[in-house]
Amino acid sequence: METNLITEGFKFMGLGMGTVFSFLIILIVMMNLMSKIVNKFFPEPKPIENQAGNTQNNHKKVVAAITAAIKHHREG
C-alpha cells in the first residue's frame, strides 16, 4: 500500500488552513456580537453642548493651570 506524501501534505495543509479560517470567522462574529451587547447595555454618554462663554472660561482655567504648573516646576 503506497501513500503519496504530497497528497497527504495537501490534505493536512487544507485541514489546517480550514481550521484557522473557521476559527477567525467565529472570532469575528463573536467580537461583533460582543460589541453590540456592550453598546446596548453600556452606551457612550452623549456630549453636553457647551455654551460659547462656558468654553472660554474653561480655556482660561486650563491656561491658568498650565501656567501655574510651569511656574511651580521652574521654582522647584
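Predicted model: local features only at pLDDT ≥ 70, side-chain atom pairs only at ≥ 80, totals over all residues.
## Overall form

The chain contains two helices and zero strands. Its radius of gyration is 30 Å, whereas the globule rule gives 11 Å for 76 residues, so the chain is more spread out than a compact globule. Along the principal axes, the C-alpha atoms fill a box of roughly 85 × 40 × 20 Å.

Burial tells a related part of the story. Of the 76 residues, 0% count as buried; to be buried, a residue must have under 20% relative accessible area. The accessible surface of the chain is about 7,800 Å². Carbon and sulfur atoms account for 69% of that surface.

## Helix 1

Helix 1 runs over residues 5–41 and has 37 residues. From its first C-alpha to its last it reaches 54 Å, which is close to the 54 Å expected at 1.5 Å a residue.

Leu27 is placed in helix 1.

## A nonpolar patch

Which residues form a nonpolar patch on the surface? They are Phe21, Ile25, Ile26, Val29, Met30, Leu33, Met34, Ile37, Val38, Phe41 and Phe42. Together these residues have about 1,100 Å² of accessible area.

Val29, one of the patch residues, lies in helix 1. With a relative accessible area of 49%, Val29 is partly exposed; a residue has to be over 50% to count as exposed.

## The salt bridge

The count for this model comes to one salt bridge. It joins Lys11 to Glu8, and the closest N and O atoms of the pair are 3.7 Å apart. That distance falls within the 4 Å cut-off for a salt bridge. Because Lys11 and Glu8 are three residues apart in helix 1, about one helical turn separates them.

The two partners fall into separate accessibility classes. Lys11 is exposed, with a relative accessible area of 53%, while Glu8 is partly exposed, at 29% relative accessibility.

Terms used. Residues numbered from 1 in each chain as written. Heavy atoms only, no water. Helix = DSSP H or I, 4+ residues; strand = E, 2+ residues; numbered from the N terminus. Expected span 1.5 Å × (residues − 1). Patch = residues over 30% accessible without salt bridge, like charges linked within 9 Å, V, L, I, M, F, W, Y side chains within 5 Å. Areas by Shrake-Rupley, 256 points an atom, 1.4 Å probe, with all protein chains shown as cover. Salt bridge = Lys/Arg side-chain N within 4 Å of Asp/Glu carboxyl O. Buried < 20%, exposed > 50% of the residue type's maximum accessible area, 1.4 Å probe, protein only. Rg over C-alpha atoms; globule rule 2.2 N^0.38 Å.
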